[in-house]
Amino acid sequence: MSQTPPTNKINRTFTWLAWLSLFGLLVFVFNDYLENQYNPNREVESSTSFNGKSQVILQQNRAGHYLANGTINQQPVTFLLDTGATQVSVPAHLAESLYLDRGRAGIANTANGQVTVYQTEIAELTIGNIQLNNVSASINPGMKTNEILLGMSVLKQVQFSQTGKQLILEY
């Protein structure tokens, strides 16, 4: 009966560890690459324009949407800009962690049909260096995503223009 020398076992172990490390690194890099394609605005580019206005420049994602990281009541969130939404629409499963109170119930017409929503007010909303206070919003129990629809209750307060695959917000 022959036995494997101890050095061969050590070599095999280190080979497996090297392959596992390489695989882990590839998963990490590829996941980051996919996340950047989904939300290229994880770190929002903002500045102050020559006329003193706060300016945010957003890049379009692969699907043609504008997503951007920001905050609601100083809690980090991801916004999906939606000019078809009347108000900011917050998924109900996020509302408590964002310190939002459910107000009066109402009916909203969404892409998925009618849904009962609850009025609320966002004390502070930020995207880059744009900060808005006392923003009208709704809490939507029908939304299952983690993105918050940034509707016209915010977008009507800012100037926005699209050039190619960039959207510029000014406040």
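**View 1. Residue N140 within strand β8 of the predicted model**. N140 lies in strand β8. Its relative accessibility is 6%, so N140 counts as buried, the limit being under 20%. Leaving aside residues up to four places away in sequence, N140 touches S89, V90, P91, A92, T110, V115 and V117.

**View 2. The largest nonpolar core**. This core comprises 31 residues, and L58, V88, L125, I148 and L150 are those with the most contacts inside it. Strand β8, spanning residues 130-140, gives the most to the core, with 5 residues. Contacts of V88, again not counting residues up to four places away in sequence, include I122, L125, V135, A137, I148, L150 and V154. Among the other residues touched by V88 are S136, S138, G151 and S153.

**View 3. Strand β2 and its pairing partners, β1 and β11**. Strand β2 covers residues 54-59; 5 of its 6 residues are buried, so the strand is largely enclosed by the rest of the structure. Strand β1 (residues 45-48) runs antiparallel to β2 and is joined to it by 4 bridges, with E45 having I57 as its bridge partner. The hairpin of β1 and β2 has 5 residues between the strands, and G52 there adopts a positive phi near 85 degrees. Strand β2 also pairs with β11 (residues 166-170) in the antiparallel sense, over 5 bridges; the bridge partner of V56 in β11 is L169.

**View 4. A nonpolar patch on the surface**. The patch is formed by I10, F14, L17 and L20, which together have about 420 Å² of accessible area. L17 is located in helix α1, residues 6-38. With a relative accessible area of 45%, L17 is partly exposed.

Technical notes: Residues numbered from 1 in each chain as written. Predicted model: local features only at pLDDT ≥ 70, side-chain atom pairs only at ≥ 80, totals over all residues. Heavy atoms only, no water. Core = buried A, V, L, I, M, F, W, Y, C linked by side-chain atoms within 4.5 Å. Buried < 20%, exposed > 50% of the residue type's maximum accessible area, 1.4 Å probe, protein only. Helix = DSSP H or I, 4+ residues; strand = E, 2+ residues; numbered from the N terminus. Contact = heavy atoms within 4.5 Å. Patch = residues over 30% accessible without salt bridge, like charges linked within 9 Å, V, L, I, M, F, W, Y side chains within 5 Å. Areas by Shrake-Rupley, 256 points an atom, 1.4 Å probe, with all protein chains shown as cover. Salt bridge = Lys/Arg side-chain N within 4 Å of Asp/Glu carboxyl O. Pairing = 2+ DSSP bridges.
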